[in-house]
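Please examine the sequence and the model shown here before reading the explanation.

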Amino acid sequence: MRDVAIVGVGMHPWGKFEGKNFIDLGVDAVAKALADAGMKWEEIQTICSGIFIWGGNAGHLSGQYIASVFGETGVPIVNVYAACATGSSAMRTAYMSIASGQVDVALCLGVDMSPKGVLTAKSDNPQQDMDVLRWRMVGMSNPPYWALECKKRMEKYGTTEQDLADVKVLLSKYGSQNPNARYKKLYTRDEVLDSVMVCDPLRLYEICATSDGAAALILCASDKAKEYASKPVKVAATTIGSSIYGDPTLRISALSAPAKAEAPLLSESYSASRQAYEMAGIGPEDVDILELPDNSSWHYLQYLETCGFCGEGEAEKMLAKGDTEIGGKVAVCPSGGFSSFGEAIGAQAIWQVAEVVTQLRGQCGSRQVENARVGMAQTYGLMGNSGTTILEV
Amino acid sequence: MSQQEQVANAVPAYPGLFTEAQDGVHLMSARCGDCGTHFFPKNHQQHRPGCSRGPVDEVLLHRKGTLASFTTLHYMPPKPFKTEKDITPFPMGMVEFPEGIQVVGIITDCSQDDLKMGMEMETVAYTLYRNEDGQSVQTWGFRPVK
Ligand SMILES: [Zn+2]
């Protein structure tokens, strides 16, 4: 295996873009990544693309439709899906193509244009698509899954409504300084606590929206990276995790969970992050920046523990002490997080990596994490999938 | 209408998930004879690694369990969830059964203020809507044991 670096990043801003299609957004992100690397399209030797699930056949072949705009060159195109960790799968596939020695340059991209309102089932065929049952029988969209886990946390560790609101307050501070964020308003604790209750104990501003967005990365063999980037960012690890038997999490899509824990909560993310620490030869104490999947305020707190940044039940203390702020122990979501961007399923994992790259290059202006050397992007998708990427300069 | 007739006039929104036994409504589970894991739905098998994957026998869960978590939903879930009218806000929760499995469901016959973690809950049938033939289309639900 040889070393791999990121030499180009590009993103289409997050928001709602009615009238555009996924190809428009994807092309924009890829063009920016190519420009960032100073690279010609013909130099791309393989393409790993996240599937755009709401776009029918075209969306399931997103790589082909976006590549054709730049000009078809016959290179391998792999389209992947792993729910909200789709981008992590694309990233790892691109990485492996280079690390294995098969190619020197790979493009990794993801795009999503979310349907209006709450996401729902993708079929009405429970015989094949077991996911339908949660919608039809219980009305379980995603937020109740998070709320049920959050309620357990409150009971177990005494997490308060103020803690949940404070997560949003901090994230809004960073989102307000990020030009690519969808939500740029600053919030106070009272404003968050005054927002409507969506799914007790989670309020409107404590749950991420669904957005449109696209992001692209250009990966390159490290020994050739200097040809494209003055400051290549090393991929120290990029992993995929799946769940472990006995995980007590009520996983999104499932209707049941084991009562007795025999594995960690969010074991897919535990698994991805531990693989990554081993691969990179570092631990959470070495990480300067952490982009975690803050689908809700509960996720923000829980992921600090799941990824080993503090012990169980200690995340609220970390937040209150300022340990998760820029300038604290580890800058958590200095991008503003999903809270400021919203989810864009196929794109978000790649966007998180792009944000970390931008930080490690020192290009984040007023929300720059000083002297950041190690950054980590952590994702999570339904039914047990997750990915971790650790980057170093 | 007698209890018996009501049952005859009801259909599940999807078969094989819950059933009415003599003592009331039970969730339909399956248990692996090798690794001992209970599954719900019964065909969502999640065996312990190394298990020979069977024999898997269909079993009914206990009617009663304890409330492991709960929430109140303040927005109507999207289709394919269907009810006669807007039922928001409504509680839903996870009930832990003696078999060692937690199952999620709509909570009925009470408000969130009545709910406490760990309280005893029982399984019931919950009517979502009436179909064109006048039958109650049902799912499972939970309610506090009185
Ligand atoms: Zn088994």
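The paragraphs below go from the conventions to the interface, the sheet, the side-chain pairs and the backbone.

This is a predicted model, in which local features need pLDDT of at least 70 and side-chain atom pairs count only at pLDDT 80 or more, while totals for chains, interfaces and linings use all residues. Residues are numbered from 1 along each chain as its sequence is written, chains are lettered from A and ligands numbered from 1 in the order in which they are written, and side-chain values use heavy atoms, with hydrogens and water left out.

The interface comes first. The size of an interface is often given as the accessible area lost when the parts come together. Here chain B and chain A bury about 3500 Å² between them, 64% of it on carbon and sulfur atoms; buried area is the accessible area (1.4 Å probe) that two parts lose on being put together, summed over both. In terms of contact (heavy atoms within 4.5 Å), 43 residues of chain B touch 40 residues of chain A. The rule finds 18 residue pairs in polar contact across this interface, both residues being at pLDDT 80 or more. A polar contact is a pair of N or O atoms within 3.5 Å; within protein, one must be able to donate a hydrogen and the other to accept it, and residues adjacent in sequence count only if both atoms are side-chain atoms. On the side of chain B that touches chain A, the elements giving two or more residues are β6 (64-73), β7 (90-97), β8 (101-107) and β10 (136-144) of chain B. Helices (H or I, at least four residues) and strands (E, at least two) are DSSP runs, numbered from the N terminus.

One salt bridge is found across the interface of chain B and chain A, a salt bridge being a side-chain nitrogen of Lys or Arg within 4 Å of a carboxyl oxygen of Asp or Glu. R48(B) forms a salt bridge with E262(A), with the closest N and O atoms 3.1 Å apart. The two chains also meet through strands: β9 (residues 256-258) of chain A pairs with β8(B) in the antiparallel sense over three bridges, where strands pair if DSSP finds at least two bridges between them. A257(A) stands opposite Q102(B) in β8(B).

Chain A has an open sheet of 10 strands with mixed pairing, in the order β3-β2-β4-β7-β1-β8-β13-β12-β10-β11. Its edge strands are β3 (77-80) and β11 (331-332) of chain A, each pairing on one side only. Within chain A, β8 (residues 233-242) and β13 (residues 385-392) pair in the antiparallel sense over eight bridges, and G241(A) stands opposite S386(A) in β13(A).

Over all chains, the structure holds 21 salt bridges. In one of them, the side chains of K151(A) and D200(A) meet at 3.7 Å, N to O. This pair links distant parts of the chain, 49 residues apart: K151(A) is in helix α6 (residues 142-157) of chain A, and D200(A) is in the loop between β5 (197-199) and β6 of chain A.

Most residues other than glycine have a negative phi, and most peptide bonds are trans. N371(A), a residue other than glycine, has a positive phi near 55 degrees and lies in the loop between α14 (348-360) and β12 (374-378) of chain A.
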